[in-house]
Amino acid sequence: MTSAAAAAVVATIDVGKRPGDLALDAAKGLLYALDYVAGRVSVVSTTSNAVIGTIDVPEESIYLTLDAPGNRLFVAVGEATLGPGEMAVIDTRTNTIVGTTPLPGYPRRPVLDAAKGLLFVTQTDEENGPGTL
């Protein structure tokens, strides 16, 4: 972690071999860090700067999006072949996957419109055509 004000490293926290995407729940003081190789999300306390839990997710997980008020963490899961993917849904109160939704293409970064209850996901299938939303 770095201090935005001081532009200095203030903590180093081990969250796996290949950490990738992050999602922050500032109200709860939790940071979710995705290790896309291990298929794991580390739950980090931003108060203690320590990993306080882990969540197993499918391999090839690539992006995180948090709905803090709804206690949901969305995990975009893609295939190495750029084929169909899925969206896994984690209940952040129990840190367990509570559902998955198949996607027709390889997902990119999901964006949540919490007011409308919609999750937008761009997808691509490089072999068969254009990207979709």
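A pocket here is an open set of grid points, where a 1.4 Å probe fits, with protein on both sides within 12 Å along at least five of seven lines. The legends below use that term for a predicted model.

View 1. The protein has 13 strands and zero helices. Buried residues make up 38% of its 133 residues. Among contacts with a separation of 6 or more, 28% join residues 24 or more positions apart.

**View 2. The largest pocket has a volume of about 170 Å³.** Eleven residues line this pocket, and the closest to its centre are Ile13, Val15, Leu22, Leu31 and Ala33. Strand E3 (19-25) and strand E4 (30-35) each supply at least two lining residues. The largest share, three residues, comes from E3. By class, the lining has eight nonpolar, two polar and one charged residues.

**View 3. Arginine 109 forms a salt bridge with aspartate 21.** The closest N and O atoms are 3.0 Å apart. This pair links distant parts of the chain, with arginine 109 in strand E11 (residues 106-113) and aspartate 21 in strand E3, 88 residues apart. Arginine 109 is partly exposed, at a relative accessible area of 40%. Aspartate 21 is buried, at 12%.

**View 4. Lysine 28 meets aspartate 25 in a salt bridge.** The N to O distance between these side chains is 3.9 Å. Lysine 28 is partly exposed, with a relative accessible area of 42%. Aspartate 25 has a relative accessible area of 4%, so it counts as buried.

**View 5. Arg72, Asp91 and Arg93 are linked in a network of salt bridges.** Within this group, the side chains of arginine 93 and aspartate 91 meet at 3.0 Å, N to O. Arginine 93 is exposed, with a relative accessible area of 57%. Aspartate 91 is buried, with a value of 9%. The structure holds four salt bridges.

**View 6. Leucine 66 sits in strand E7 (residues 61-67).** Its relative accessible area is 18%, so leucine 66 is buried. Not counting residues up to four places away in sequence, leucine 66 touches Ala23, Leu24, Asp25, Tyr32, Arg72, Leu73, Thr92 and Leu112. Leucine 66 and tyrosine 32 are 34 residues apart in sequence. In space, their C-alpha atoms are 9.0 Å apart.

Note on methods: Residues are numbered from 1 along each chain as its sequence is written. This is a predicted model: local features need pLDDT of at least 70, side-chain atom pairs count only at pLDDT 80 or more; totals for chains, interfaces and linings use all residues. Side-chain values use heavy atoms; hydrogens and water are left out. On a 1 Å grid over the protein atoms alone, a cavity is a set of points where a 1.4 Å probe fits but cannot get out, and a pocket is an open set with protein on both sides within 12 Å along at least five of seven lines; lining residues have an atom within 4 Å of a point. Grid points are joined across faces, edges and corners, and a volume is the space filled by probe spheres set on the points. Helices (H or I, at least four residues) and strands (E, at least two) are DSSP runs, numbered from the N terminus. Ala, Val, Leu, Ile, Met, Phe, Trp, Tyr, Cys and Pro count as nonpolar, Asp, Glu, Lys and Arg as charged, and the others, Gly among them, as polar. Buried means under 20% relative accessible area, exposed over 50%, partly exposed in between (1.4 Å probe, protein chains only). Contact means heavy atoms within 4.5 Å.
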